[in-house]
Amino acid sequence: MGVAEEAPDFQVFRGPGRPRFANRAELECAKLLDYYGVPWDYEPTTFVLLALWLCQVHFVASDPARQTIPWVEYRNTRTGLRREYRSQDWTSRPLQNVPLFEMQCVDCHNRPTHSFELPEQALDKALVLGEIPVGLPFVKKKGIELLKVNYATNTEAAEKIPKELDGFYRQNYPNLYTQRASDIGRTAQALLAIYNRNVFPDLKVSWGTYPNNLGHVDFPGCFRCHDGGHATAEGESITGECNSCHETLASDEASPDILKKLGIAERIAAIQKR
Ligand code: HEC
Ligand code: HEC
Ligand code: HEC
C-alpha cells in the first residue's frame with residue numbers, strides 16, 4: 001500500500017514489524033504521536049492509562065487547595081531544557097523545605113464528584129433552560145442575593161428562599177405579583193434546587209468551596225501559572241497571552257459575524273427575546 005512505503009522510521013512505535021496504514025490520516029496521527037514521544041501501536045490491544053510525558057512540570061503551592069503557585073519548573077526530558085519560573089511572591093526560600101508537586105491530570109481536572117456551580121452560572125443556566133421564567137423584574141439580582149445568604153441548614157433555606165422571593169414581588173410589584181404568582185412560585189423552587197445541589201451547610205460546603213481549575217474565569221485555574229507574572233531569571237514568562245490558548249473570534253460585539261457563520265445567531269436571538 002502506497003501509504004506504508006512513505007512511513008518514516010518511527011522512534012516509539014511499539015508494535016511488531018513495520019506499521020501499515022489504511023489511509024493518510026492514520027499516518028499523520030502516527031507521526032504526531034511519534035514526534036511527541038508518545039508510545040503507540042497500530043490497532044493496539046492494550047492501552048496505557050498513565051503516560052509520563054517528555055515535558056514535566058513541577059510546582060510549589062502555598063495553600064492546601066493549591067490555588068496559589070509561586071514557583072514552577074518546566075523540564076523537557078528529551079532536550080534537557082529546564083526553566084524555573086517564580087512569581088513576585090516567591091522570596092527565594094530554600095526549596096528543600098517545601099513540598100514539591102509534579103503536575104498531573106488532577107491539577108487541572110480537580111472536580112471532586114459532580115461539578116459544583118457558582119450562583120451566577122447556575123442562574124444563567126436555569127434562565128436559558130426556562131426553569132426560571134424570564135421577564136420577572138430583577139429576578140437574577142434577587143435570586144443571586146437569596147442564594148448567597150448564609151443559611152444554617154437546608155431546611156432553613158427551603159423556608160426562607162420562597163418566603164423572601166414572594167415578599168419581594170408582593171411588596172415591590174403588587175400587580176405582577178397577582179398576575180404571575182405561579183411563575184414566582186416556580187422561580188422559588190428552581191432557586192431552591194440550585195441551592196440544594198451546591199450548598200451543604202452540615203458538610204461545610206458552600207459556594208466556591210471546591211474551585212474548578214479547568215479555566216480561569218471564576219477561579220484562578222490556568223492563571224495560577226499563566227498570569228504572565230511567573231518569570232525566569234532571564235525574564236521569560238509562562239505565557240498569559242489569550243491567543244496561546246484561545247482563538248478570539250469576536251470581542252465586545254453585540255452580534256458578531258461568527259455567530260451567523262456558525263448558524264447559531266437565530267437561536268441566541270430567540271433566547272434573548274423570551
Ligand atoms: C494543564 C491542564 C490540564 C491537564 C494537566 C490535563 N488536562 Fe485534560 N483537559 C484540560 C482542559 C482545559 C480540557 C477541556 C475542558 C473543557 O472543554 O471543558 C481537557 C479535556 C480533557 C478530556 C476531554 C473531556 C471531554 O469532555 O471531552 C479528557 C478525557 C482529559 N482532558 C483527560 C486528561 C488526562 C487523562 C490528563 C492527564 C494525563 C489530563 N487530561 C491532563 C486541561 C488539562
Ligand atoms: C502549575 C503551573 C501551570 C498551570 C496551573 C497550568 N500551566 Fe500550562 N504551562 C505551564 C508551564 C510551566 C508551561 C511551559 C512553559 C515553557 O515552555 O517553559 C505551560 C505551557 C502551556 C501551554 C503551551 C503554551 C505555548 O505557547 O507554548 C499551553 C497551551 C498550556 N500550558 C495550557 C494550560 C491550560 C489550558 C491550563 C489550565 C487548564 C494550564 N496550562 C495550567 C504551567 C502551568
Ligand atoms: C493557559 C491557557 C489560557 C490562557 C492564557 C487564557 N485562557 Fe481563557 N480559557 C482557558 C480555558 C481552558 C478555558 C475554559 C474552557 C472550557 O471550559 O471549555 C477558558 C475560558 C475562557 C472564557 C470563557 C468563559 C466561559 O464562561 O465559558 C473566556 C471569555 C476567556 N477564557 C477569555 C480569556 C482571555 C480574555 C484571556 C487573555 C487575557 C485568556 N482567556 C487567556 C485557557 C486560557
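Let me start with helix 8, which has 18 residues and reaches 26 Å from its first C-alpha to its last, close to the 26 Å expected at 1.5 Å a residue. Please keep in mind that this is a predicted model.

Which residues of helix 8 are buried? They are Ile184, Thr187, Ala188, Ala190, Leu191, Leu192, Ile194, Tyr195 and Asn198. What do they pack against? The buried residues of helix 8 pack against helix 4, helix 5, helix 6 and helix 7.

Helix 6 covers residues 154–172, so to speak of its length: it has 19 residues and spans 27 Å between its first and last C-alpha, close to the 27 Å expected at 1.5 Å a residue. The buried residues in helix 6 are Ala157, Ile161, Leu165 and Tyr169. An α-helix has 3.6 residues a turn, so residues three or four places apart point the same way. Read the numbers of those buried residues in helix 6 again with that in mind: Ala157, Ile161, Leu165, Tyr169. Their cover includes helix 5, helix 7, which is residues 174–179, and helix 8.Now the chain as a whole. It has ten helices and four strands. Starting at the N terminus, the order of elements is α-α-β-β-β-β-α-α-α-α-α-α-α-α.

How does the radius of gyration compare with that of a compact globule? For 274 residues a compact globule would have a value near 19 Å, but the chain has 26 Å. Along the principal axes, the C-alpha atoms fill a box of roughly 80 × 55 × 40 Å. Buried residues account for 14% of the 274 residues. Of the contacts with a separation of 6 or more, 49% join residues 24 or more positions apart.

Strand 2, residues 71–76, pairs with strand 3 in the antiparallel sense over five bridges. Two of the facing positions can be named. Arg75 has Arg82 in strand 3 as its bridge partner, and Glu73 stands opposite Glu84 in strand 3. In a regular strand the side chains alternate between the two faces of the sheet. The hairpin of strand 2 and strand 3 has five residues between the strands, and in it Gly80 takes a positive phi near 80°.

That brings me to backbone angles. Most residues other than glycine have a negative phi, and most peptide bonds are trans. Two residues here are worth a look on that point. Phe138 is not a glycine, yet its phi is positive, near 55°. Phe138 sits in the loop between helix 4, residues 119–128, and helix 5, residues 139–147. Is Phe138 buried or exposed? Phe138 counts as exposed because it has 12 C-beta neighbours inside 10 Å, and the cut-off for exposed is 12 or fewer.

The other residue is Lys204, with a positive phi of about 60° although it is not a glycine. Lys204 is in the loop between helix 8, residues 181–198, and helix 9, residues 257–261. Lys204 is exposed, because 7 other C-beta atoms lie within 10 Å.

Now the ligands. What surrounds ligand 1? The residues are Met103, Cys105, Asp107, Cys108, His109 and Leu214. By class, that shell around ligand 1 has four nonpolar residues, one polar and one charged.

Ligand 2 is surrounded by 18 residues, and the closest are Phe59, Tyr74, Cys222, Cys225 and Ser244. Which elements give two or more residues to the shell around ligand 2? They are strand 1, residues 55–60, and strand 2. The shell around ligand 2 has twelve nonpolar, four polar and two charged residues.

Ala22 is exposed, because it has 12 other C-beta atoms within 10 Å. From Ala22 to Cys105 there are 83 residues in sequence and 32 Å in space, C-alpha to C-alpha. Cys105 is one of the residues around ligand 1.

That is the end of the talk.

Terms used. Residues are numbered from 1 along each chain as its sequence is written. Chains are lettered from A and ligands numbered from 1 in the order in which they are written. This is a predicted model: local features need pLDDT of at least 70, side-chain atom pairs count only at pLDDT 80 or more; totals for chains, interfaces and linings use all residues. A residue is near a molecule or strand if its C-beta atom, placed from the backbone, lies within 6 Å of it. Ala, Val, Leu, Ile, Met, Phe, Trp, Tyr, Cys and Pro count as nonpolar, Asp, Glu, Lys and Arg as charged, and the others, Gly among them, as polar. A residue is buried if 20 or more other C-beta atoms lie within 10 Å of its own, exposed if 12 or fewer, and partly exposed in between; C-beta atoms are placed from the backbone. Two strands pair if DSSP finds at least two bridges between them. Two residues are in contact if their C-beta atoms, placed from the backbone, lie within 7 Å. The radius of gyration is taken over C-alpha atoms; the globule rule is 2.2 Å times the number of residues to the power 0.38.
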